[in-house]
Amino acid sequence: MSDDLMVPEPVRVLSRQQELETTWTLELEAGQASRGPCLPGQFNMLYVFGVGEVPISVSGDTVQSETLVHTVRAVGPVSRKLAALKPMEIVGLRGPFGVGWPMTQSEGSDLLIVAGGLGLAPLRSAVYHVLRNREKYGRIILLYGTRSPNDILYSPQLEEWNQRPDFEVHITVDHADSDWQGMIGVVPALVPTLGFDPEDTVAMVCGPEIMMRFTVNALRDAGVEDEAIFLSMERNMKCALGHCGHCQFGATFVCKDGPVLPFDRVRGLLSLKEF
Amino acid sequence: MKDIAQIVGEHPFFQGLESDFCNLVCGCARNVRFNPGEYLFHEGGDANHMFLIRYGQVALEVAVPGKPAVSFQTLHDGDLVGVSWILPPYHWAYDARAITLTRAIAMDAHCLRKKCDDDPVLGYEVLKRLLPILTSRLHATQMQILDVYGAPEPPE
């Protein structure tokens with residue numbers, strides 16, 4: 001094991017933006033150039049000194065090589081401290097790690113991007129890539145589901161993308177009051193309403209695992225092939241190098257072989273309890 | 001201008017129904033229109049109709065004491081609104097409010113139930129079309145109850 005990959009590099013927080021009540025986006029220095037560029041769907045290990053380390057997906061435009069953007073929900077001891085970091089404070093950085101979204105493999109196809117809750121963060125970097133290379137992809141549809149209108153992540157950006165003639169955005173929430181004029185219901189229910197070509201579509205899905213399972217069922221019912229469905233799995237990544245086994249998912253190490261995995265590789269494991 | 005038989009026959013709920021059956025159910029149908037904010041029905045009211053949306057958007061909602069009503073589902077073009085008409089005691093279980101201008105087919109529930117009772121083959125056809133809708137709404141409700149987007153405490 002290379003020492004370099006296990007030692008966090010101190011980098012500065014450049015900016016911090018509140019997205020939702022408990023969700024913040026941090027812009028960090030990218031650190032060493034030798035680290036290599038991040039790819040959409042990859043993650044970094046972010047270390048709050050003296051507290052702990054957590055895996056956080058890249059949520060920014062991966063072409064911006066001088067900075068790294070991560071969106072963090074403050075839910076545990078480490079992520080709470082991480083989300084509270086102020087500009088110029090220091091955080092430890094290891095990465096990038098893992099296999100990202102199949103951006104090159106998907107060229108020439110239609111893309112169905114399905115996000116639930118904070119799952120939009122790892123997919124945002126894929127959206128940036130697609131918009132930067134718009135001519136390489138066919139029809140692009142983004143489905144986003146979340147709890148309520150107050151929980152819509154990157155709301156202004158979703159609105160901006162929806163204004164584009166070459167990008168479709170469909171947002172649905174689990175519940176809302178009467179001020180909400182949009183859709184209410186679960187994301188998988190939107191799949192049959194889209195009228196897309198399942199044989200020429202690559203689906204990228206990220207969200208809570210239950211939502212992904214229901215979405216995969218809807219995609220398969222619509223005729224999307226298993227090998228054209230990609231999921232970003234979330235597990236307890238620790239070493240991020242496939243050595244410690246904390247994130248083992250059957251024969252797969254989510255940190256090294258994922259976090260983005262084709263559905264046909266995890267098909268048998270998704271519905272198992274206590275995985 | 002389309003007549004009611006064409007409109008009913010083209011709606012996804014009745015699409016593919018044998019023409020004899022289609023003519024039969026058309027006798028229970030009429031066109032209705034709801035302006036934004038107008039209610040199709042209210043919780044506890046008599047479920048005298050089944051509504052088939054031609055176009056528009058309808059929110060299903062429940063009243064919460066002391067708070068604004070909570071919407072838990074929206075229905076759109078081609079969807080069916082209201083299933084309480086088929087099961088006694090035929091009372092609506094929630095409110096349905098038009099969000100946008102909504103045009104729909106209102107099927108008279110007494111009329112449709114009688115025709116289904118009189119001809120079990122028609123009744124079975126109608127049930128076969130209702131059941132997938134009920135099943136998919138049940139699955140959706142399961143996901144909503146699980147509140148999957150709530151933040152779990154991670155093993156940090």
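Of the 156 residues of chain B, 30% count as buried. A residue is called buried if 20 or more other C-beta atoms lie within 10 Å of its own, exposed if 12 or fewer, and partly exposed in between, with the C-beta atoms placed from the backbone. Before going on: this is a predicted model, in which local features need pLDDT of at least 70, side-chain atom pairs count only at pLDDT 80 or more, and totals for chains, interfaces and linings use all residues. Residues are numbered from 1 along each chain as its sequence is written, and chains are lettered from A and ligands numbered from 1 in the order in which they are written.

I'll stay with chain B for now. Its C-alpha atoms fill a box of roughly 65 × 30 × 30 Å, taken along the principal axes. The secondary structure comes to 4 helices and 8 strands. Helices (H or I, at least four residues) and strands (E, at least two) are DSSP runs, numbered from the N terminus. Starting at the N terminus, the elements of chain B run α-α-β-β-β-β-β-β-β-β-α-α. Of the contacts in chain B with a separation of 6 or more, 72% come from residues 24 or more positions apart. Two residues are in contact if their C-beta atoms, placed from the backbone, lie within 7 Å.

What does UniProt list for residues 13-114 of chain B? The record, an unreviewed entry, gives "domain: Cyclic nucleotide-binding". UniProt positions are in the numbering used here, feature names are shortened, and annotations may be inferred rather than shown by experiment. In the model, that span is 14% helix and 44% strand, and its end C-alpha atoms lie 19 Å apart.

Next, a sheet in chain B. Four strands form an open sheet in the order E2-E7-E4-E5, with antiparallel pairing. Two strands pair if DSSP finds at least two bridges between them. At the edges are strand E2 (39-41) and strand E5 (67-75) of chain B, and each pairs on one side only. From one strand to the next, the twist averages 35°. E2(B) and strand E7 (residues 95-98) of chain B are joined by 2 bridges in the antiparallel sense, and B:Tyr39 stands opposite B:Arg97 in E7(B).

Now helix packing. Two packed helices are described by the angle between their axes and the distance between the axes. Axes are lines fitted to C-alpha atoms, for helices over the stretch in contact, and angles run from 0 to 180 degrees between N-to-C directions. Helix H3 (residues 109-118) and helix H4 (residues 120-146) of chain B have axes that come within 5 Å and cross at roughly 120°. H3(B) and H4(B) are therefore oblique to each other. On the scale used, angles under 35 degrees count as roughly parallel, over 145 as roughly antiparallel, 65 to 115 as roughly perpendicular and the rest as oblique. B:Lys115, B:Cys116 and B:Asp117 in H3(B) meet B:Leu122, B:Gly123 and B:Val126 in H4(B).

H4(B) also meets chain A. The axes of helix H5 (residues 209-222) of chain A and H4(B) come within 10 Å and cross at roughly 165°, so these two helices are roughly antiparallel. Which residues meet here? A:Ile210, A:Met211 and A:Phe214 in H5(A) meet B:His139, B:Met143 and B:Leu146 in H4(B).

That brings us to chain A, beginning with a hairpin. Strand E3 (residues 43-48) of chain A is joined by 6 bridges to E4(A), and the two run antiparallel. A:Tyr47 stands opposite A:Glu53 in E4(A). The hairpin has 3 residues between the strands, and A:Gly50 takes a positive phi near 85°. Strand E4 (residues 52-57) is mostly covered, with 5 of its 6 residues buried.

Not counting residues up to four places away in sequence, A:Val48 touches A:Val78, A:Lys81, A:Leu82 and A:Val91. A:Val48 and A:Leu85 are 37 residues apart in sequence and 9.0 Å apart in space, C-alpha to C-alpha.

Last, the sheet of chain A with the order E10-E9-E8-E7-E11-E12-E15, an open sheet of 7 strands with mixed pairing. Strand E10 (183-184) and strand E15 (260-262) of chain A stand at the edges with a single partner strand each, so one side of each is left without a neighbour in the sheet. Strand E12 (residues 229-232) of chain A pairs with E15(A) in the antiparallel sense over 3 bridges, and the bridge partner of A:Ser232 is A:Val260.
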